[in-house]
Amino acid sequence: MADVFLSYARADSRDFVVRLSAALEERGKETWVDLDDIAPASSWNDELRAGIAGSDSFCFVISPTSAASEICRIELDHAVALGKRILPVLHLPVPAAEVPEAVASRNWIPQTGRFTDDFDGALATLITAAETDLDWVREHTRWGLRAEDWERRGEDRSLLARGSDLDQAEAFLSGGGGREPQATELQGRYVLASRRAASRRQRQLVIGVSVALVVSLVLGVLALLQRNTAVEQRHEADKQRHEAVTQGAAATSKALAANAFLNLPTDPELSLLLGLEAAKASATTEAENALRSALLDSQVRLQLHHGAAVTSASYSPDGTRIVTTSEDGTAALWDAASGDQVSVLGGNTQPPQAARWSADGSRVVTISQDGTARVYDGASGAPVSVITDPDENRLTDVAISADGAVVVTAAFVNGQVHFWNANDGGLLGTIPRSTVDGVAFSPDNSLLLVATQGQGVELWSTSDGSLVASYPEDAQSYFTTVGFSVDGSEFLTAGGDGIARVRSVGGTLLSEVRHDAAIDAA
């Protein structure tokens, strides 16, 4: 088995993949990579599928050609069907909308692109991701190969797991709650079929023991002179029957527990019922683990459903409302007590990226990939205004004043910080800056925090538009989080340099938290 399967497009990534494969091999990682142009014939497809199935992780090298490649998509679809760990590595910039969903929905490892060109850093991140929970990943590959071979050969019973091998398979399946990659439906069917076959053998053993008992009794009647021998034989048969019944109950318990784990991601309540039945059949470790996992997962207060992946969710300041954004192109307002949808915050032509509440909860503002900011009523979700920057279609952040009257947008391309009237969408003022990543109002609206790439962090007065303070020493490659403390006396920044910094508004550096890689959120 290989450690990493490399999927790429030869037209624009062959040299990079040759280098990446050699670097992985130097670090003890075996790779499966096709460096020659081969027509997609039948034998090629078989070799390709076997290579993916026999690799612990699937690395998709992102480039414009691979994003559009039918062969790369075939490879990716097969890896997803097998439940493989997907590791996206960004080689050449591609719009996220053009990348297959199975890759776009995961955190990319940026070798080159908007912010970085660091092969060694990307390599280290890739190796760390590939080695995460490595024992589990290898078990996943092992049982995936066994299950795929069983299915390919017409579910041949001789290929099913038995004895201690079956115990290991069930331990793998029951130990997968919340772990990535998750056990596949095929692996679950394979383990369940193995347990059922074992249960059939147990039943046959019980029948055999019962027949032996009947024969022993008949022989006892016909051979009174051998009565003592017949009694001893009967006692032995009783002992075997009891052991067989006990083993059969344990087998039933394990099969029910396996079913409980299979239903856990989609129906935790059914999983709980199956776990109870497993415990009734026999107090096995598998039944106990199934019950524990189902009890934890069934403690659900609310489920808020969009038509696609949810990208953000936050409570209103008073906790009565929840706002969510989704890749289905909508934002939505929900009742936090009942989970009922209050309103769909529509109007976006592209999926919204984020939503922010005003401190008084009266309004919500969203920004989306169509370059607009939209203001809504925080109670009803009714639209209030649409804010459009004619010179910018790539907004990076948005902030709204405590009373919901003023909206500030941050831009990436032209780098402007704009102040807008939240009631009618009119432009109130501009702070000229370049490549702005984040903005935030202080709780009393007196200050605006602006974080820019390369220029550091600045504090601006909202009353007269003057620069209050700047901290160029806090410059980063990019920022992911900026914000004030509740009392407004301190502010936080974090991002691409792997450092989260807390300063007082007077400028004193209060603390730093360092990471080995960029900080996604703080």
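**Reading the labels of a predicted model**

Colleague: Why is Glu155 called partly exposed?

Modeller: In this predicted model, Glu155 has a relative accessible area of 38%. Buried would require under 20% and exposed over 50%, so with its 38% Glu155 falls in between and is called partly exposed. Glu155 sits in the loop that runs between helix H7 (134–152) and helix H8 (163–174).

Colleague: Is Asn445 buried or exposed, and how do you know that?

Modeller: The relative accessibility of Asn445 is 19%, and the limit for buried is under 20%, so Asn445 counts as buried.

Colleague: Why is Asp34 called buried?

Modeller: The relative accessible area of Asp34 is 16%, which is under 20%, and therefore Asp34 is called buried. Asp34 belongs to the loop between strand S2 (31–32) and helix H2 (42–53).

Colleague: What makes the pair of Asp34 and Arg10 a polar contact?

Modeller: The side chains of these two residues, Asp34 and Arg10, come to 2.6 Å, and the distance limit for such a pair of N or O atoms is 3.5 Å. The pair of Asp34 and Arg10 is within that limit and is listed as a polar contact.

Colleague: How do you know that Ser13 is buried?

Modeller: Ser13, a residue of helix H1 (residues 10–26), has 1% relative accessibility, which is under 20%, so the word buried applies. Leaving aside residues up to four places away in sequence, Ser13 touches Tyr8, Val61, Ser63 and His91.

Colleague: Why is Ala97 called exposed, and where is Ala97 found?

Modeller: With a relative accessible area of 78%, which is over 50%, Ala97 is therefore called exposed. Ala97 is found in the loop between strand S4 (85–90) and helix H5 (101–104).

Colleague: What makes Ser434 partly exposed, and which residues does Ser434 touch?

Modeller: Ser434 has 33% relative accessibility, a value between the limits of 20% and 50%, so Ser434 counts as partly exposed. Ser434 is found in the loop between strand S17 (427–432) and S18. Apart from residues up to four places away in sequence, Ser434 touches Gly415, Thr452, Gln453 and Gln455.

Colleague: How many helices and strands are there in the protein, and why is the protein said to be more spread out than a compact globule?

Modeller: The protein has twelve helices and 25 strands. Its radius of gyration is 31 Å, whereas the globule rule gives 24 Å for 522 residues, and because 31 Å is well over that value, the protein is called more spread out than a compact globule. The C-alpha trace spans about 115 × 60 × 40 Å along its principal axes. Of the 522 residues, 46% are buried.

How values were computed
Residues numbered from 1 in each chain as written. Predicted model: local features only at pLDDT ≥ 70, side-chain atom pairs only at ≥ 80, totals over all residues. Heavy atoms only, no water. Helix = DSSP H or I, 4+ residues; strand = E, 2+ residues; numbered from the N terminus. Rg over C-alpha atoms; globule rule 2.2 N^0.38 Å. Buried < 20%, exposed > 50% of the residue type's maximum accessible area, 1.4 Å probe, protein only. Polar contact = N/O pair within 3.5 Å; in protein donor to acceptor, adjacent residues only side chain to side chain. Contact = heavy atoms within 4.5 Å.
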